[in-house]
Amino acid sequence: MSASTLPSSRSATAGAFTAEAFQAHLASLPAGLPAWWIERKRAAYERFASAPMPVRTDEAWRFSNLSGLTLDGFAPPPSVTATPQASIGIRKSARLVFANGRLFSREILDPHLEARGVIVDTLQQALLRHPELVREHLLAQPSRLGSAKFSALHEAFLVDGAFIHVPRGVEVELPIGIFTYASGTGAAVFPHTLIVAGENSRVTVVDYFGSTNEQEVQLAVGANDLYASHGAQLTYVGKQDWSHQALSFQSNSTVVRRDARVQSLNLHLGARQARHESLSQLQAPGAFSEMLALTVAHDDQEFDQRTLQIHQAPNTKSDLLYKNALLERSRTIFSGLIIVDPDAQKTDAYQSNRNLMLSDDAEANSLPGLEIQANDVRCTHGATTSRIDPEQEFYLQSRGIDKSAADELLTFGFFEDVLNRLSSDELHVALRNLIQTKFKR
Amino acid sequence: MKKTSDLDSPAAVELDEPVPTANPVAGIDQTRGDFKYDVAYEFDAGTGLNERTVDYISSVKKEAAWIRDFRHHALKVFRAKPMPTHWATRDLENIDFDKIRYYLAQGQKPKRTWEEVPDDIKKTFERLGIPEQERKYLAGVEAQFDSEAAYSNVKDIVAKQGVIFMNSTEALREHPDIFRKWFGKVIPTSDNKFSALNSAVFSGGSFIYVPKGVKVAQPLQAYFRINAENFGQFERTLIIADEGAEVTYMEGCTAPKFSTSTLHSAVVELVALKGAKIQYITVQNWANNVFNLVTKRGLAHEEAEIKWIDCNIGSRLTMKYPGVVLKGRKARGEVISIALANDGQHQDTGAKMIHAADETSSNVVSKSISVGQGRATYRGQIHIPRRLKGCKNNTECDALLINTNSRTDTYPAITVRGDRNYVQHEASVSKVNEEMIFYMQQRGLTEGQAMSLAVNGFINDLARQFPMEYSVELKRLIDLEMEGSVG
C-alpha cells in the first residue's frame, strides 16, 4: 500500500510521553543492557515524537474512532506487590507473570524443559544472555498496518517482556503461559512477547492480558514477534481482557519459514477501544499461517482489527477467519488485505470476516481486500454481516428450546467453528468458558 | 480566449478510408475508433482553466445567472480539493490541468437530421455506425463531438409521449422547471474533485425526462466522441423517470489515440421516482491514453429500480464507481460490471450502494480480466445505517488473471448497523483452469481459441445482460484481446 504523504503542518502529538518522560524511562532501566538496544529505543522515540496522530484521511484508519485516541494522562506505573492469580484452567509447562511492565514471577513447571534447552525468560535477561537472537527478531519486521507511531512508542518505552526460545527438534507438550497485568488508574504498559521456534520444534504459548480492576483508565501498547523456523509448529493464543476503560494498541508480527506452520488465535474481550494489527509474512515454500480471532463486543466498545497476509514465496498458504459478535452499541472494524507478490505462484490464500449482529445499535465495518500480482493463485475472501439465522432459531424452538436459550446456543455455535481449529481440547474448553463469562456478565 | 481556428487546418487529413463496416455497434473494437479528422472549431476556450474559461463557456451557451454562479462555485471547490491519491493511484498526478483544452465546439445547436450535420463531423459518426444503428433500433440518439452535441433527435412516437431528450444547455434553458430541481442534487458539486471540475466546465451530455407511466420501448442512446488532442470532455447527464416510467439509456464512447493524454470527466445523475425503472448501459472504449474519471449515481425512490450495466474496456485509467442511493422503501439498486485491463491500463471500477430506507435491496456483480501487465481494481462501498430493517446486499467480485504479471486488487468497504439486515460479500481471484484448456485443446482448438472460449465463459452470464448487439461484439473483442496473450 502506498503511504500517504503527510503535510508538515500536522502537529506531532506525544501526549504524556514527552522527551523528559523518555529520559526518565531510560534512567529507570537496569544497567548493562546492550548499547544497540538503547540506541534503537532512542531512534524509536524520535520516530514516535515526530509522527503525527492518525487523521481521518488515513486509509489505514478508515472507520476508526480517532477522537478516542489520546495519549494524555498516562504514566509509567509503580511496581506492584500482588497480582490476581488468574487461572485459565489449563495445565502449563511454564509460567511468567508480569505486573505493570516488570516480572512478577517466573515458574518452570516442567522439570525437563530447561534440560532440553527451552528458554522461558524475560526480555531483559535475554538481552544479556542471548543478544544475537533478540537483536535478530525483536521488532525486526516492518510496521505496515498504520500504527507505526504506536509501534515506535512501544519500542521506546518497552521495559520488559517474555522471551521464549525452543531449540531445533524440541517439542514442548504443555502450553507456556504468560500473564500480563496492568494495575492502577493512568497506568501505561508496553507488553511484549518474543517467540523463536527453532527448526522442526513445536510449542504452544498462551498470552493473557488483564487489569486488576475493571474500571481503571489505562493504556496498553503491546506487540509480539513470532518466528517459526523451517518445519516449526507454533500455536499462539492471545486473550485480551484489559480494563473496560483501557485504550489498547497491539501489533503482532508473524514470520513463517519453509514448511513451518503458525496458528494464532486472538480473543478480544476487554478495553474501551482496542486496535489490533496482525501481519503474517510467508517467506518460503510450504509456509502456512492460520489467523483466527474471536471478538465479543458489548457496551460502547470499539474493536479495530487490521490484518495483512503477505505471500512472498511460491506454494504458501494462509487462512484467516475473524468472527465478531456485536452487542449493545458496540462497533467493530475488520480491515484485511492479502498481498501476493509477483513471484508467489501457487499461493492459496483465504480471508473471511463474519459479523453476528445481536443488537440494533451495533455497527460492523468490513474491508476485506486483495492485491494480487501473480496469476496462478487461489485467493478468495468473504464477509457477511447478519443476525442469528431465523431458520436455525425456529428449528431449536421447535425442539422445545426457548428463544433466549436458542439464541445463546447459536451464538456459542457461531464461535465454535473457530475454537474447533485448536488441537488442544483443554485450551478449547478454557477459551469457551472465558467467552461465556463475558457473555453472561 | 479566441473564437478562431488558426490552430487547426480546416483541411481533413488524408486517411486510408476503410469502408464503414457492417458492424451494428460502434466503438467496441478499439481499432475502429482510432482515427481523427481535423475539424475547424468555431468556439475554443483555449488551454488551461481559470475564471475566464468558465465565463467563456457560460457566455457562449448564453446561460442563466444561476448556472454561471454554480460553475464559479464549483471551480472554487475543485481548486480546494486535493487529489484523492491517499487512496487512489498516483497516476492521477500525471494529469496536467493547465494543458487541457476545456471547451471546443463547432456550433451551439445540435442538428435534428444527419443531413444538417457538418461533413467532417458527420463522417466520423458514419464511420462509427451511429446513424445506421439509429434507424435500426434506437428511440433517440444524441451524438456529442468534443464539447457539444452535433446531432440530437428522438423519434416522433417517443416525443409524442412527452419524453424530453436534449443536451444539458438546451434542457436547462428550455425546461428549468423540470431539470433544475434535481440538477446537482444526486451528486453535489463537492462530492469529489472531479465532480467539482465537471460542475465548473460541463458541456453536452443528455438530459432526459420520461413522464409518469411512460415506458420507452426502445433504448435512447448517446455517443461521445473526443476528436481533439489535449482535450477534456465534461458531459453532464441527468435522467429523470417520473412515477412508474421506464427507460433504458445506452452510451458509447471512443477517441483516437494521441501521444498526449486526454481527460474525460462526466457526471451522471439518475432520478427514479416512485415505481420507476432506469437501466443505464455503458460501453467505455476510450483510447488507452484517456483518463476516464466519472461520477455516476442514481437516486431510487419507493419501489423504484436503478440498474447500471457498465463495461470498461478502453482508457489508460478509469475510476468509476456507479452508485445507487436507495431512498424509498423497497427500492432496488444493481451494478453489473465487466472490466478488461490490458497492458498499460488500470481499470479501477466498482460500486456504491447507500441504503437509506427499509427493505431496500442491492446487488453488485463485478467481473474483471487482467491481461498482460493490465491491472483491474474493484472498489466497493455498502452502507446500511442505523434503524433500518430488512435491507439486503449481495456482492460478488471475480477476477481472472491471464498472464503471470497481470494484477488485480479488491477493496470493498461494508458498514452495517443494526441486527435486522443481511449483507454478504464474496470475491475470488483465479486463473484460467488448465484442465479446461487442455480439454479444449484435445478437441482440436488452439490454445488461443481455448483461452478466448474460457474467458468468454467467465463473463458470459453478465454479457448476456447487455443488448444482443453489444454482447456479440464484446465476445469478438475478447477474442481479439486474447490473441497473442498466451504462450
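This note reviews a predicted model with chains A and B, point by point.

1. Basis of the model. Residues are numbered from 1 along each chain as its sequence is written, and chains are lettered from A, with ligands numbered from 1, in the order in which they are written. Because the model is predicted, local features need pLDDT of at least 70 and side-chain atom pairs count only at pLDDT 80 or more, whereas totals for chains, interfaces and linings use all residues.

2. Chain A overall. Eight helices and 20 strands make up the secondary structure of chain A; helices (H or I, at least four residues) and strands (E, at least two) are DSSP runs, numbered from the N terminus. Its radius of gyration is 21 Å, close to the 22 Å that the globule rule gives for 441 residues, so chain A is as compact as a globular protein of that length. The radius is taken over C-alpha atoms, and the rule is 2.2 Å times the number of residues to the power 0.38. Along the principal axes, the C-alpha atoms of chain A fill a box of roughly 70 × 50 × 50 Å. Of the 441 residues, 50% count as buried, that is, with 20 or more other C-beta atoms within 10 Å of their own, the C-beta atoms being placed from the backbone.

3. Chain B overall. Chain B contains twelve helices and 24 strands.

4. An enclosed strand in chain A. Strand 16 (residues 317-326) of chain A has eight of its ten residues buried, so it is largely enclosed by the rest of the structure. Strand 14 (residues 288-297) of chain A pairs with strand 16 in the parallel sense over ten bridges, where pairing requires at least two DSSP bridges between the strands. Ala297(A) has Leu326(A) in strand 16 as its bridge partner. Strand 16 also pairs in the parallel sense, over ten bridges, with strand 18 (residues 348-357) of chain A; there, Ser318(A) stands opposite Ala349(A).

5. A helix pair in chain A. The axes of helix 2 (residues 35-50) and helix 5 (residues 148-157) of chain A come within 8 Å and cross at roughly 145°. Axes are lines fitted to C-alpha atoms, for helices over the stretch in contact, and angles run from 0 to 180 degrees between N-to-C directions. Among the residues that meet are Tyr45(A) and Phe48(A) in helix 2 and Leu153(A) and Ala156(A) in helix 5, contact meaning C-beta atoms, placed from the backbone, within 7 Å. By class, this contact has six nonpolar, no polar and five charged residues. Ala, Val, Leu, Ile, Met, Phe, Trp, Tyr, Cys and Pro count as nonpolar, Asp, Glu, Lys and Arg as charged, and the others, Gly among them, as polar.

6. The contact between the chains. Chain A contributes 35 residues and chain B 33 residues. Strand 19 (363-372) and strand 20 (378-386) of chain A each supply at least two residues of the side that touches chain B, and strand 19 gives the most, with ten residues. That side of chain A divides into 13 nonpolar, 15 polar and seven charged residues. Strand 19 of chain A is joined by seven bridges to strand 23 (residues 407-417) of chain B, and the two run antiparallel. Within this pairing, Ser366(A) has Ile414(B) as its bridge partner.

Terms used: Two residues are in contact if their C-beta atoms, placed from the backbone, lie within 7 Å. A residue is buried if 20 or more other C-beta atoms lie within 10 Å of its own, exposed if 12 or fewer, and partly exposed in between; C-beta atoms are placed from the backbone.
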